[in-house]
Amino acid sequence: MNAIAREPWREPPIGLLAELTHRCPLACPYCSNPLELTARERELSTEVWLRVLDEAAALGVLQLHLSGGEPTLRTDLEAIVARARALELYSNLITAGVGVSERRLEALAKAGLDHVQLSVQDVDPEGCDRIGGFKGSFARKVAFARAVRALGLPLTLNAVVHRHNLDRLERFVELALELEADRLEVAHVQYYGWALANRAALMPTRAQLDRSVEIVKAARERYGDRLLIDFVVPDYYATHPKPCASGWGRAVILVAPDGRVLPCHAAPTIPGLDFPSVKDRPLAWIWQESPAFQRFRGFEWMQEPCRSCPRREIDSGGCRCQAMQLLGDPEATDPACSLSPHHARIRALAEAEAASAPPPFRYRRLEEPAAAPA
Amino acid sequence: MSLAPEDRLVLARGVRVRFDPVRNCHVLLAPERVLFPCPTSVEILGRLAEPRPFAELVAGLAAEFDAPEEEIRADLEGLLADLVAQHVVLVERRAP
């Protein structure tokens, strides 16, 4: 590793992903949270979150993504949204929408919430309940979406897609239109955290992926003037790796429920990195100078074929966490890249998993009894 | 994209434009997106908080910059086509 002190990083982050809590009424098997969830007692206080927002705005953050777990389980969410508005941060609520009353939503809108992103696990009650592990979730989500629109807030439907719901993708598009969503995010599962543990249960076939590409293309042509569709493809079948989080420590800064600051959800899976906490260090120092954030910036850390690759500026060699998870080496070329010597093996793994009968879900649950919902 | 004089233009829901003192430029904030609009776009977007007919937008800018309407209209059509394609500006058309 490079022992020479590096220049502080001067480019500001664009988005702050505030994971307010790991508590969640749903138990989706592809949750991006770590397997080891943070219990309620270890969550940051309101006071610390408000300070984090102040520091983030001063650092140049423009958008605040309020996430979790389920962020509405924090009773101080209105105060957090109000502070974001006062700082002119664009606030985005990422929610499952199952336990949020109209009155609560109205209070959040009044506090200055800018946008709501609602997850929908499937397009019918049975599938939605089964994937989210929550009975009666679908009707609640539909009611929540209507309440969002009634308040005039912009709405995105977030559809995480995988082998169990991909055959109903067209219906997801129809649902987005029916609920008057402004945006539909069709996101193939990315295999980290719980999703990695459930990979064989979720991996789509190549044919399912191809079909989803066609459906999104047709939907964009047909409804493009009313509905903006964002599409995230799965990288096990890719030719080039994804520019994960726009590059390590480049655009996104994530604060976990316990205060640890990360470049992405999965970063703690890389051994040997010490992620500082907002409780101990200023956010600006963590972003600009902390060794963990500096670790994979620039190109010096790269191996071949990345180091001399003309695409290194585009994708930074892909995802460091995926290289770690699949190859045990965080400096290796992401095996999602066709130029990786391990690409064929990873792809064969995906094909084999997709071709086998899916194992049962390992649902995402917070095990500590102290954190069970009241 | 061609715009009729009576076509009404408006900022899409959830779009905000503000000055960012850290980057020393205007930024456009939208759901899951941040754009850095050029000064002309900032001028246009600032006039579209409420729906406004294309003709009125052209006339206003022509008066402000003391330029012929024809010239302004030609410039605007290209810029607005981009903003519409990016779902930043919506066009409200009267039903034919």
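This is a predicted model: local features need pLDDT of at least 70, side-chain atom pairs count only at pLDDT 80 or more; totals for chains, interfaces and linings use all residues.

Colleague: What is the mean pLDDT of chain A?

Modeller: The mean for chain A is 94, and 97% of its residues reach 70 or more.

Colleague: And where does pLDDT stay under 50?

Modeller: That applies over residues 368-374 of chain A, for which the model has nine contacts beyond four places in sequence.

Colleague: Let us turn to the sheet. How many strands form it, and in what order?

Modeller: Nine strands of chain A form an open sheet with mixed pairing, and the order is β7-β6-β5-β4-β3-β2-β1-β8-β9. The edge strands are β7 (228-232) and β9 (261-262) of chain A, each of which pairs on one side only.

Colleague: In which sense do β1(A) and β2(A) pair, parallel or antiparallel?

Modeller: Strand β1 (residues 15-19) and strand β2 (residues 63-67) of chain A pair in the parallel sense, over five bridges. At E19(A), the bridge partner in β2(A) is S67(A).

Colleague: Which strands does helix α9 of chain A lie across?

Modeller: Helix α9 (residues 206-223) lies across β5 (155-161), β6 (183-188) and β7 of chain A, and runs at about 165° to β7(A).

Colleague: On to helix packing. At what angle do α1(A) and α2(A) pack?

Modeller: Helix α1 (residues 46-59) of chain A packs with α2(A) at an angle of about 20°, and their axes are 10 Å apart. Angles under 35 degrees count as roughly parallel, so α1(A) and α2(A) are roughly parallel to each other. Their crossing is right-handed.

Colleague: Which residues meet there?

Modeller: From α1(A), T46(A), W49(A), L50(A) and L53(A) meet A79(A), I80(A), R83(A) and A84(A) of α2(A). By class, this contact has six nonpolar residues, one polar and one charged.

Colleague: How do the axes of α2(A) and α3(A) cross?

Modeller: The axes of helix α2 (residues 77-86) and helix α3 (residues 102-111) of chain A come within 8 Å and cross at roughly 25°. That angle makes α2(A) roughly parallel to α3(A), and the crossing is right-handed. On the α2(A) side the contact is made by L77(A), E78(A), V81(A), A82(A) and R85(A), and on the α3(A) side by A107(A), L108(A) and A111(A). The contact has six nonpolar residues, no polar ones and two charged.

Colleague: Last topic, the backbone. What joins G68(A) and G69(A)?

Modeller: A cis peptide bond joins them, with omega about 5°. G69(A) is placed in the loop between β2 and α2 of chain A. Another cis peptide bond joins E304(A) and P305(A), where omega is about 10°. P305(A) lies in the loop between α11 (291-294) and α12 (312-315) of chain A.

Colleague: What is phi of E88(A)?

Modeller: Phi of E88(A) is near 65°, a positive value in a residue other than glycine. E88(A) sits in the loop between α2 and β3 (90-95) of chain A. For background, most residues other than glycine have a negative phi, and most peptide bonds are trans.

Notes. Residues are numbered from 1 along each chain as its sequence is written. Chains are lettered from A and ligands numbered from 1 in the order in which they are written. Axes are lines fitted to C-alpha atoms, for helices over the stretch in contact, and angles run from 0 to 180 degrees between N-to-C directions. Helices (H or I, at least four residues) and strands (E, at least two) are DSSP runs, numbered from the N terminus. Angles under 35 degrees count as roughly parallel, over 145 as roughly antiparallel, 65 to 115 as roughly perpendicular and the rest as oblique. A crossing is left-handed if the near helix is turned anticlockwise from the far one by less than a right angle, and right-handed if clockwise. Two residues are in contact if their C-beta atoms, placed from the backbone, lie within 7 Å. Ala, Val, Leu, Ile, Met, Phe, Trp, Tyr, Cys and Pro count as nonpolar, Asp, Glu, Lys and Arg as charged, and the others, Gly among them, as polar. Two strands pair if DSSP finds at least two bridges between them. pLDDT is the predictor's confidence in each residue, from 0 to 100.
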